[in-house]
Amino acid sequence: MYESYFVDSVKGYYRHLAIVESSEYIDKVFSLIEDYLKVNHNPKVIYAFHPWLNGSKDRMKLFKERLKGDFIDIDYSNSEKFLGQSADLVILDTVGDFRPNYIARFVDMTRGGGLAIIYTDNFLQNKMYRQSLTRNGIVKDLFERRFLDEAKKHRGIILIQDDHVYFSPYSSNEAHKPSRRIPKEPKIPLPIHELCMSSDQNKILEESLFILGEGKRVLAITAARGRGKSASVGLFLAFLAYRHEENFSNIIITSPTYYSAQEIFNFMIVGLKKLKAKFRIKTSKDGKIMKIIVGDTRIKWVSPDLAKNEEGNLIVVDEAAAIGLETLDYIIRGWDKVILVTTIHGYEGSGKAFMRYLNKLKNSLLLKHVKMEYPIRYAKGDPIERFMFNVLLLDAEAPDVIYKSDLEVREIPQEDLFSNDNLLRAVYGILVEAHYRNSPDDLMLLGDMAFQKIIVGYSSGLPIAVAQVVFEGGLNDTQITDIARGLKNEGHLIPHRIIKYVRALDFGKMIGWRIMRIAVSPENQGKGIGSKILNEVIKNAQKENVDWIGSSFVVDYSVLRFWVKNGFVPIYLSSIKNEQLNGYSIIVVKPLTERASKFVKELSGFLKDKLLRTSHQVYYNLNPLLIALILRSTYKNDLIKLEDRIPYLYLEKIKSYISGEIPYNSIADAAHYITTKYFLEPRINLSEDIEGALVARVLQGKSWYHAGLMLGLSSKEVELKVKTGLRELLQSYDN
Ligand SMILES: CC(=O)SCCNC(=O)CCNC(=O)[C@H](O)C(C)(C)COP(=O)(O)OP(=O)(O)OC[C@H]1O[C@@H](n2cnc3c(N)ncnc32)[C@H](O)[C@@H]1OP(=O)(O)O
Ligand SMILES: Nc1ncnc2c1ncn2[C@@H]1O[C@H](COP(=O)(O)OP(=O)(O)OP(=O)(O)O)[C@@H](O)[C@H]1O
């Protein structure tokens, strides 16, 4: 029945997506597959599932038997490793779990002329991710409803719900295949150009030569997903390594996770083979290519934290927007040649913040920005790409409004949001643009999680800010014990962390509102809007006898300043870095009742103590300015007892250091004592940069050089600031 449509899709290099919701899903999917096999007799197949869910392995075997040939089964939880793979037939078992991030990832793997199939018995019952959003048995279904409604509206989607079929075909006349265009006089060898699939890729190869020019240079490559960015960079590196450029013998590749960079290595190998170059590959135990050696040239992958301090001639940062602007700044300061590659409108979040960052960089250094338009895996105009963009709002943007001090704050029920696509797009667009880590799962969370409030700030009648507030706490004794023992996670994030890691069990009894997200559209940040929204939330909470309002987020200096300015106090900082989010999570709380105040004072006192005692080990990699800010905004405690007066010999030592008679290491003990004293009992206000220098050198124990890298200063400047700080402290504590 669908054969002729599949023939057309092969012709036009576009894709189809079939969504099957029926108790007879196997029969229905098999019948689709029969049709597809008539067009493509030996398709490459990717099959996605959760192998440990009831019945899922049996289903996978059924398909494997039918399809034979090139059949890769992939565990959803492991799917990151397969990014960059593509197949003709991609089948998603969503009987036990229908999760937006997985849908996005796998549908994306389907090539032009191919078919993606999502099958399930129903979209609402017994779905793992949706269940994780359920509390007291309550969960909404706004995301799923919209998903199906959109499927009915889009072309190229075959929606089969029991005996109903919705399908309006697309046509190959509307699609544009990518094709390579080799420049007339290429500077990069022809064999490399011949490996390209789109003219954009040819363009990238030539434009990348920019990085070889003199002095500090940054090359930025941006595009939507699947434009072949990583592959092009891989080909360019193959050329570079092949040429044995003396000044480029040590190249580092970094990315938030290894897998996002693996296509770079894969294509480097393709390129080197084509050039008939001799090379060696070093792989990790689990088969990841970690290093390629071509003559004297070494190209290796290193995690962002290590990469930033590595020595080398060129660094390539893949998925640059996702490693955080702070780390990027650090890398750009320390390296002379930098290639930044990033996805715009991907599910790693929008790249608008990144674009602004690039524009800022342009003012201070030599930067070339190249964009790629043509998809590689399918034609331009592909109807499934359009559907995924619309249904997951991958290209949602904040409305273009400049704030005119006319803020109107309203609570919007989720149902209203999901029944008005323009409003949803605007509100979600603000979240996407402000948080570069947004992912499609967040859209389901916005629609389906009950027990949340959505507060929207309007200016000139359009949304410019949004806060998502979830209700937490009010736990009974059994719930608290379960959390303390690690048995259950009831989705109360702040109480959960405080009970489990701080062991303050009674905290769980209090009623709290967690601000899960707050965002202001980029053009309007820093105009007091975020603070006004917070005030509104606080006012509402006070009316409803809430004990505390809090937030938990990956800590970042300016965001934490925002909370501290609004009277929120840090009470918890994770001891391990969250590798995926590339940072430490922090919890800030504003107490609204007496009992909450007591907790906040006590817990923040402990946090101050932890930072003072362990900055040199647990928090060695944290931004010193951030540590200083937390130290300044937490309560004093009596855990560290210092003399009222600084010991005489310590004062003498510091004086000798300042006058240059003895080196810093001889007085490190005295510096530590007086710095600790300052953060516990400040008598003066040191400036932030001086506090930062003291934290980096004295508390974190960094070398002058590394302290300088962290603070964007030279070693000399850091030492000068430490000396100035110690001199000022000496004056106020020398009595
Ligand atoms: C749980 C969470 O969601 S935490 C993550 C918070 N959200 C984000 O990081 C998304 C991007 N940022 C934003 O959307 C906003 O800037 C918010 C929500 C952080 C703050 O709202 P704004 O309206 O910009 O802040 P507002 O004008 O009320 O307060 C300004 C203070 O916030 C801090 N701040 C934090 N981020 C910014 C920013 N991007 N621009 C300006 N100020 C900022 C500063 O300390 C500033 O005070 P200062 O200029 O005197 O130092
Ligand atoms: N020249 C090429 N020849 C063959 N396949 C290619 C070529 N360029 C890219 N591809 C394939 O197209 C897909 C997308 O390429 P790549 O990962 O480089 O894109 P990207 O823009 O970096 O995408 P993402 O946003 O997913 O990181 C991959 O499956 C890759 O193997």
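Me: How do the residues of the shell around ligand 2 divide into nonpolar, polar and charged?
Reply: There are 6 nonpolar, 8 polar and 5 charged residues in that shell. Keep in mind that this is a predicted model.

Me: What makes a residue part of the surroundings of ligand 2, and how many residues surround it?
Reply: The cut-off is a C-beta atom within 6 Å of the ligand. In this model 19 residues surround ligand 2. The closest are R225, G228, K229, S230 and A231.

Me: Which helix gives the largest share of the shell around ligand 2?
Reply: Helix α9, residues 229-242, gives the largest share. Its contribution is 3 residues.

Me: Why is Y13 called buried?
Reply: The cut-off for buried is 20 or more other C-beta atoms within 10 Å. Y13 has 22, so Y13 counts as buried. Y13 lies in the loop between α1 (3-12) and β1 (16-21). Its phi is positive, near 60 degrees, and Y13 is not a glycine.

Me: F451 also has a positive phi. Why is F451 called partly exposed?
Reply: Partly exposed lies between two limits: 12 or fewer is exposed, and 20 or more is buried. F451 has 15 C-beta neighbours inside 10 Å, so F451 counts as partly exposed. The phi of F451 is about 60 degrees, although F451 is not a glycine. F451 is found in the loop between α17 (440-448) and β17 (452-459).

Me: What makes G381 partly exposed?
Reply: Buried needs 20 or more. G381 has 19 other C-beta atoms within 10 Å, so G381 is partly exposed. G381 lies in the loop between β15 (366-372) and α14 (383-391).

Me: Which residues does G381 touch, leaving out those up to four places away in sequence?
Reply: G381 touches Y14, E174, A175 and H176. A contact needs C-beta atoms within 7 Å. R181 is 200 residues from G381 along the chain, and their C-alpha atoms are separated by 20 Å.

Me: What is the strand order in the open sheet of 7 strands?
Reply: The order is β3-β2-β4-β5-β1-β6-β7, with mixed pairing.

Me: Why do β3 and β7 stand at the edges?
Reply: β3 (71-75) and β7 (164-166) each have a single partner strand, so one side of each has no neighbour in the sheet. From one strand to the next, the twist averages 15 degrees.

Me: How do you know that β6 and β7 pair?
Reply: Pairing needs at least two bridges. Strand β6 (residues 157-161) is joined to β7 by 3 bridges, so the two strands pair. They run antiparallel. One of the links is between L159 and its bridge partner Y166 in β7.

How values were computed
Residues numbered from 1 in each chain as written. Chains lettered and ligands numbered in written order. Predicted model: local features only at pLDDT ≥ 70, side-chain atom pairs only at ≥ 80, totals over all residues. Helix = DSSP H or I, 4+ residues; strand = E, 2+ residues; numbered from the N terminus. Nonpolar A, V, L, I, M, F, W, Y, C, P; charged D, E, K, R; others polar. Axes fitted to C-alpha atoms, helices over the stretch in contact; angles between N-to-C directions. Contact = placed C-beta atoms within 7 Å.
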